[in-house]
Amino acid sequence: MAPRPNSIEAHGLVREFKKGPRAVDGIDLHVDPGDIYGFLGPNGAGKSTTVHMLTTLLPPTAGRATVGGYDVLNEGPQVRKVIGAALQEAALDPYLTGREHLRLQATMHGITGEERKERSNQLLHRVGLTEAADRKIRGYSGGMKRRLDLALALVHHPRILFLDEPTTGLDIQSRTALWEEVGRLAKEDGVTVFLTTQYLEEADVLADRVGIIDHGRIVAEGTPEQLKAEIARSTVEAVPAESEQKGAVAGVLERFGTPTTGFGPESVAVQLAANDGDLAQIVRALDAENLRISHLQIHEPTLDDVFLDKTGRHLEGAGAEGEQEETAAS
Amino acid sequence: MHAAVLQAATLGRRAVVRTVRQPANVVFPLIFPMLLLAVNSGGLKAETRLPGFPTDSFLAFALAVPFVQGALLATVNANVEFARDIQTGFLNRLALTPVRGIVLLLGQLGGLLTIALVQAVFYLAVALAFGVRLESGIGGGVLLLVLEAAIALAFASFGCWAALRTGSTEAVQGLFPVFFVFLFLSSMNIPRNLIETTWFRWVATANPVSYLIEAVRGLVIYHWRWETVGLGFAVAGGMCVIGFALATHALMGRLERT
């Protein structure tokens with residue numbers, strides 16, 4: 001029998017909760033073997049519900065999906081054998097040590113004896129927890145818990161890894177360390193990674209392809225570069241030297257594009273009408289009006305611009321209205 | 001098959017380790033029933049002078065209560081932790097492994113059983129140290145531990161059901177007073193035939209906890225009274241069957257995995 005691919009496929013995937021709206025509303029996605037797929041969206045967008053369905057924890061209301069070549073609805077046990085998952089909450093027992101967690105997880109996967117011991121030591125070393133291995137979890141930092149969570153997901157050598165907001169709440173150092181490890185898993189070990197995040201930078205840095213989800217629907221999909229190229233419009237930000245000139249500066253900038261937000265309170269920003277906007281022209285126009293500028297900068301398109309373009313909102317703060325549905329899934 | 005046994009044993013071990021590492025969950029179930037036994041033995045000693053009272057040692061008569069109380073306390077503590085596993089997502093972590101649902105349940109119950117048995121040995125040792133004689137002898141002592149295991153499983157399966165059904169630590173903690181109402185409305189402090197208030201005698205007769213207490217008591221104060229002991233085992237067994245069926249059903253609902 002030919003080996004099954006390490007891919008993830010979903011077609012028209014829907015999850016409806018009782019007395020609630022559709023948390024996931026007919027999504028289609030494809031993740032190639034060995035790729036890191038970033039699933040980007042605000043709180044409540046349907047990211048965790050999608051992960052729960054793809055990892056067999058929640059049956060879809062409609063649609064179909066295959067993970068590692070197995071149908072998530074009809075071949076749940078086979079799916080669970082080939083996947084590892086670190087869900088949104090690093091669900092650890094505060095009274096057990098890191099090593100005890102690994103032993104428990106390995107036993108649940110049928111790994112016993114010397115192999116279990118070796119695998120535990122190997123993973124503890126890999127995630128940098130060898131020294132803390134025999135300490136109880138309640139003494140671990142958030143970053144240590146996340147790293148242990150990752151190690152637990154890797155115990156049985158999964159071909160596909162699901163990481164649900166793995167770096168939420170972590171400091172930048174822990175976040176970077178986790179990014180490196182995830183990158184290594186995909187590039188060196190060929191593990192397919194499905195990663196949900198609400199951090200633009202995380203998706204931008206880590207993902208080969210990005211799917212942007214909002215209100216249960218995928219609103220954009222592609223490589224980060226493709227998505228940004230689709231927008232193809234830079235943003236100019238100017239900070240007037242004198243705050244009373246803010247209105248006048250805005251008036252000049254609006255000749256070159258449409259006003260946008262998301263910058264500092266002193267800033268005026270416009271998304272340029274075309275990507276060939278000339279900074280020199282803007283400077284000349286400001287100078288002609290005798291407006292003094294303390295700071296002027298062109299920002300290249302970001303994934304937030306993509307999100308703004310597709311949904312009319314910025315990613316940051318977009319989730320408040322949908323948090324309830326996401327909570328229902330988790 | 002071997003893997004399932006190992007998995008259940010590992011989960012049971014985890015339940016024990018987690019309990020042992022929380023001193024309040026160890027000390028309270030050991031001390032509280034013994035304190036209540038001491039208070040009741042002192043205050044209700046005069047009961048032994050009632051005509052027809054089955055023994056002249058109230059301590060021996062009341063020793064059955066800590067056994068049932070200890071099983072209740074172990075049940076509540078362990079199932080609060082089980083509910084916490086659901087709340088924190090630990091159950092989902094286990095659900096993502098190939099482990100079977102029934103193994104998760106057996107592991108949880110196995111851990112609780114171990115704790116309840118350790119408690120029972122402690123209660124028995126304290127009672128023997130204070131002069132209680134087991135009329136049924138060493139064999140009766142062994143059977144007492146088996147009965148305690150059955151009682152603990154009976155309560156535990158209902159506790160598991162509550163934890164799985166609600167996924168709430170508060171709901172499981174709420175079981176504690178409910179269980180205690182059953183305990184206080186039983187024949188814990190007086191034989192049923194000596195209860196003079198009609199409604200209370202009727203409630204105590206309808207209350208399954210009375211039969212559990214009387215079975216334990218039967219092994220302490222009587223040489224061998226098979227009828228009482230058998231009835232206790234039957235009630236505990238029936239509770240186990242119903243509780244386990246409910247818990248299994250709730251587990252299937254909780255684990256929606258495909």
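This is a predicted model: local features need pLDDT of at least 70, side-chain atom pairs count only at pLDDT 80 or more; totals for chains, interfaces and linings use all residues.
The crossing of α2(B) past α4(B) is right-handed. On the α2(B) side, the contact is made by N25(B), F28(B), P29(B), P33(B), M34(B) and L37(B). On the α4(B) side, the residues are V65(B), P66(B), Q69(B), G70(B), L73(B), A74(B) and N77(B).

Now turn to chain A. Chain A has twelve helices and 14 strands. Its C-alpha trace spans about 80 × 45 × 40 Å along the principal axes. Of the 330 residues in chain A, 47% are buried. Take the contacts in chain A with a separation of 6 or more: 71% of them join residues 24 or more positions apart.

Chain A is assigned two domains. Domain 1 covers 8–92 + 140–228, and domain 2 covers 233–300. Over C-alpha atoms, the centres of domain 1 of chain A and domain 2 of chain A are separated by 38 Å.

Next come the sheets of chain A. One open sheet has four strands, in the order β2-β1-β4-β5 (chain A). Its pairing is antiparallel. Strand β4 (residues 62–67) of chain A pairs with β5(A) over two bridges, in the antiparallel sense. T66(A) stands opposite D71(A) in β5(A).

Another open sheet in chain A also has four strands, ordered β12-β13-β11-β14 (chain A). The pairing is antiparallel here. Its edge strands are β12 (257–259) and β14 (293–299) of chain A, and each pairs on one side only. From one strand to the next, the twist averages 25 degrees. Inside this order, strand β11 (residues 235–240) of chain A pairs with strand β13 (residues 268–272) of chain A. The two are antiparallel and share four bridges. A238(A) faces V268(A) in β13(A) across this pairing.

Chain A has a helix pair to follow as well. Two packed helices are described by the angle between their axes and the distance between the axes. Helix α5 (residues 142–154) of chain A packs against helix α6 (residues 172–189) of chain A at about 15 degrees, with the axes 10 Å apart. That angle makes α5(A) roughly parallel to α6(A). α5(A) passes α6(A) in a right-handed crossing. From α5(A), the residues that meet α6(A) are G143(A), R146(A), R147(A) and L150(A). They meet S174(A), L178(A) and E181(A) in α6(A).

Finally, where do the two chains touch? In chain A, 24 residues are in contact with 23 residues of chain B. The elements giving two or more residues to the chain A side are α2 (76–82) and α3 (98–108) of chain A. Of the elements on that side, α2(A) gives the most, with four residues.

Technical notes: Residues are numbered from 1 along each chain as its sequence is written. Chains are lettered from A and ligands numbered from 1 in the order in which they are written. A residue is buried if 20 or more other C-beta atoms lie within 10 Å of its own, exposed if 12 or fewer, and partly exposed in between; C-beta atoms are placed from the backbone. Two residues are in contact if their C-beta atoms, placed from the backbone, lie within 7 Å. Domain bounds come from an automatic or database domain assignment. Two strands pair if DSSP finds at least two bridges between them. Axes are lines fitted to C-alpha atoms, for helices over the stretch in contact, and angles run from 0 to 180 degrees between N-to-C directions. Angles under 35 degrees count as roughly parallel, over 145 as roughly antiparallel, 65 to 115 as roughly perpendicular and the rest as oblique. A crossing is left-handed if the near helix is turned anticlockwise from the far one by less than a right angle, and right-handed if clockwise.
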